[in-house]
Amino acid sequence: MTLSPYTYVTVSMGPGQRSRFTVAFCSADLQARAWLGEIGRPCFDLDTSDASVTVSTSGPVTDDDLTVARTIFNAAARYLADCERLHSGESHKATDGEAA
């Protein structure tokens, strides 16, 4: 089943609890970019026409910031590998179906 592209935003708030915002980009209409902010802080953006998320350091780059950047990198690599694997499998299915 294929859905139309969408962006899903949820805000959860409860008494005595921290608010939580969740953004789900379910679209190929997604821009990702990395850049240096005005004061030289590294920034990473995920952007659609509906919503945007920016990840940046809160000051000079720390060991914790490097850990976060590596985690983002590794998660993006896993996402790419999963997409390639599933796309390859779907391509083989389409080819097999056309040959039948």
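Select T48 and show its surroundings: leaving aside neighbours within four places in sequence, T48 is in contact (heavy atoms within 4.5 Å) with T7, F25, D29 and L30. This is a predicted model, where local features need pLDDT of at least 70, side-chain atom pairs count only at pLDDT 80 or more, and totals for chains, interfaces and linings use all residues. Residues are numbered from 1 along each chain as its sequence is written, and side-chain values use heavy atoms, leaving out hydrogens and water.

Stay with T48. The residue sits in the loop between β4 (42-47) and β5 (52-56); strands here are DSSP runs of E, at least two residues, and helices are runs of H or I, at least four, numbered from the N terminus. Is T48 buried or exposed? T48 counts as buried because its relative accessibility is 11%, and buried means under 20% relative accessible area, exposed over 50%, partly exposed in between (1.4 Å probe, protein chains only).

Next, move on to V55, in strand β5. With 33% relative accessibility, V55 counts as partly exposed.

Finally, zoom out to the whole protein. How many helices and strands does it have? There are 1 helix and 5 strands, arranged along the sequence as β-β-β-β-β-α. Of the 100 residues in the protein, 9% are buried.
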